[in-house]
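Grab a pencil and work through these exercises with the model open beside you. Try each task before you read its solution.

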Amino acid sequence: MSITAVPLKPVKRSILVYLWLGIAVALVAAVALAFQTQVNPATAFLAHNARAKGVVTTPSGLQYQVLTPGTGPNPTDADEVLITYEGRLLDGTVFDKSQQPTPLEVGGVVPGFSEALKLMNKGGKYRLWLKPSLGYGEHVPPGGPIPPNAALVFDVELLDSMPILKYKQMQQQMMQQQQGMMPPGAGGPPTGR
């Protein structure tokens, strides 16, 4: 059995020149387009920050760094936590800061903050970086300093956590004790005379 070779006609040099020129023009156009595309500063910062020493990135995109490890169990969505925190924009502008330990429900905050709280332990201090979709995204609180689609930075210390039901029972007991200490006629419902 024999294979018949089919002779190929030589390609003209001018066609090769045009082919290479076309490739070069396409490459230059692609580079020019890449430089014209605006880079979101939050995305650029988070991409760079992900490579920083000690920064962990979760599958959702939350970035955190353990400043002080804690001990004990992790809070869940069914828990109330007592925290201190400071929230900043990437430029360092502080948009929120606890003046005293603040109680809050783990499941009642923005998704990235909730995810981070569930990673922490009592006594732990973390620095968090939330991409816009894990923070407020386009839906920022009105009248605040947070622009739409901003990345957020939080320093959080978890002081304590407990089940929400236990926390609410403690609140109710404290209110009953305070009402029991009030003098007659002060506070409570008006009485008919």
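**Exercise 1. Which residue forms a salt bridge with Asp155, and how far apart are the closest N and O atoms?**

Step 1: Look for Arg127, the partner of Asp155; their closest N and O atoms are 2.6 Å apart. That passes the test for a salt bridge, which is a side-chain nitrogen of Lys or Arg within 4 Å of a carboxyl oxygen of Asp or Glu.

Step 2: Helices (H or I, at least four residues) and strands (E, at least two) are DSSP runs, numbered from the N terminus.

Step 3: Follow the shared partners. Salt bridges join Glu86, Arg88, Lys97, Arg127 and Asp155 into one network.

Step 4: Check how open Arg127 is. It counts as partly exposed because its relative accessibility is 25%, and the scale calls a residue buried under 20% relative accessible area, exposed over 50% and partly exposed in between (1.4 Å probe, protein chains only).

Before you go on, a note on the model: it is predicted, so local features need pLDDT of at least 70 and side-chain atom pairs count only at pLDDT 80 or more, while totals for chains, interfaces and linings use all residues. Residues are numbered from 1 along each chain as its sequence is written, and side-chain values use heavy atoms, with hydrogens and water left out.

**Exercise 2. How many salt bridges does the structure hold?**

Step 1: The count is seven.

Step 2: Take Lys97 and Glu86 as one example, with their closest N and O atoms 3.6 Å apart. Lys97 is in strand 4 and Glu86 in strand 3, 11 residues apart, and the pair links distant parts of the chain. Lys97 is partly exposed, at 45% relative accessible area.

Step 3: Now try Lys168 and Glu105, whose side chains meet in a salt bridge at 3.8 Å, N to O.

Step 4: Compare the two ends with the scale. Lys168 is partly exposed, with a relative accessible area of 41%, and Glu105 counts as partly exposed at 36%.

**Exercise 3. Which residues lie nearest the centre of the largest pocket?**

Step 1: Start with the idea. Rolling a probe the size of a water molecule over the atoms shows where empty space is left. On a 1 Å grid over the protein atoms alone, a pocket is an open set of points where a 1.4 Å probe fits, with protein on both sides within 12 Å along at least five of seven lines; lining residues have an atom within 4 Å of a point.

Step 2: Find the residues. The lining has 14 of them, and Tyr85, Phe95, Asp96, Tyr136 and Phe154 lie nearest the centre. Strand 3 (79-89) and strand 4 (94-97) are the elements that give two or more residues to this lining.

Step 3: The largest pocket holds about 220 Å³, and its lining divides into 12 nonpolar residues, one polar and one charged.

**Exercise 4. Which element gives the largest share of the lining of the second largest pocket?**

Step 1: This pocket has about 150 Å³ of space. Strand 3, strand 7 (152-163) and helix 4 (164-181) each give two or more residues to its lining.

Step 2: Helix 4 takes the largest share, with four residues.

Step 3: Spot some of the lining residues, including Glu80, Pro103, Asp160 and Tyr167. The lining divides into seven nonpolar, two polar and two charged residues.

Notes. Points joined across faces, edges and corners; volume = space filled by probe spheres on them. Nonpolar A, V, L, I, M, F, W, Y, C, P; charged D, E, K, R; others polar.
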